[in-house]
Amino acid sequence: MKTQIKKTAVLGLLALMTSLGMNAQQGHRKGPRQERAQQKENLAPAQQAALQAKKMTLALDLNSKQQKAVESLFMAQANERESMRSDRDNKKEVAHKERPSKEERYERNMAQLDKKIAHKTAMKDILTEDQFKKWEKEMDLRTHKKEQRNGQKRRQLGQANSPRN
């Protein structure tokens, strides 16, 4: 009887260790989303802007004038992203990890919202009314998908961090 209990306990431990090992290995894998982000980081800002403009041209049927205007807008954004990335990397090397203050977070959020408003205004000037409506719809869809993904991640993290009964 005792040997049966020992065998069951050993098998249970073995199964638990195997499943934990498999979960640990999955964390090191990169999914397609991370791979695309990595590839995008490796592109020059001009290449990123050109790709975005071409995709938008296909989606919204832009004329050549609109395409050039959109590409210059995307070029400015890509250059800004590149400079922000290098600033962030420099701060990582120099600074010790301090959380930004409430005032700094507020300022960062306000700056981000100002950029979004300026981008939306610029797109409204470039696109026709129908194109702009289609673009807004696509942006809303992207935002919704992103919120769903973030919600799923939070739920998964919440489940992983919650004590098990």
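User: Let's start with Glu107: what's the place of that residue?
Analyst: Glu107 sits in helix 5. Keep in mind that this is a predicted model.
User: OK, and how accessible is Glu107?
Analyst: Partly exposed, with a relative accessibility of 44%. Patch residues need over 30% relative accessible area, so at 44% Glu107 clears that cut-off.
User: Which residues form the negative surface patch?
Analyst: Glu107 is one of them, along with Glu98, Glu103 and Glu104.
User: What about a positive patch, which residues form that?
Analyst: Lys91, Arg99, Lys102, Arg105 and Arg108 make up a positive surface patch.
User: Which helix gives the most to the positive patch?
Analyst: Helix 5, spanning residues 102–126, which contributes three residues.
User: And where does Arg99 lie?
Analyst: Arg99 is in the loop that links helix 4 (64–94) to helix 5.
User: Is Arg99 buried or exposed?
Analyst: Exposed: its relative accessible area is 72%, and because the exposed class starts over 50%, Arg99 at 72% belongs there.
User: Switching topic, how many helices and strands are there in the chain?
Analyst: Six helices and zero strands, so the order from the N terminus reads α-α-α-α-α-α.
User: What share of the chain is buried?
Analyst: Buried residues are 14% of the 165 residues. The chain exposes about 14,400 Å², with 55% of that coming from carbon and sulfur atoms.
User: And what share of the contacts is between residues 24 or more positions apart?
Analyst: Among contacts with a separation of 6 or more, 58% are between residues 24 or more positions apart.

Note on methods
Residues are numbered from 1 along each chain as its sequence is written. This is a predicted model: local features need pLDDT of at least 70, side-chain atom pairs count only at pLDDT 80 or more; totals for chains, interfaces and linings use all residues. Side-chain values use heavy atoms; hydrogens and water are left out. Patches are made of residues with over 30% relative accessible area and no salt bridge: like charges are joined within 9 Å, nonpolar side chains (Val, Leu, Ile, Met, Phe, Trp, Tyr) within 5 Å. Accessible areas come from the Shrake-Rupley method with a 1.4 Å probe; for residues, only the protein chains shown count as cover. A salt bridge is a side-chain nitrogen of Lys or Arg within 4 Å of a carboxyl oxygen of Asp or Glu. Lys and Arg count as positive and Asp and Glu as negative; His and the chain ends are not counted. The place of a charge is taken as NZ of Lys, CZ of Arg, CG of Asp or CD of Glu. Helices (H or I, at least four residues) and strands (E, at least two) are DSSP runs, numbered from the N terminus. Buried means under 20% relative accessible area, exposed over 50%, partly exposed in between (1.4 Å probe, protein chains only). Contact means heavy atoms within 4.5 Å.
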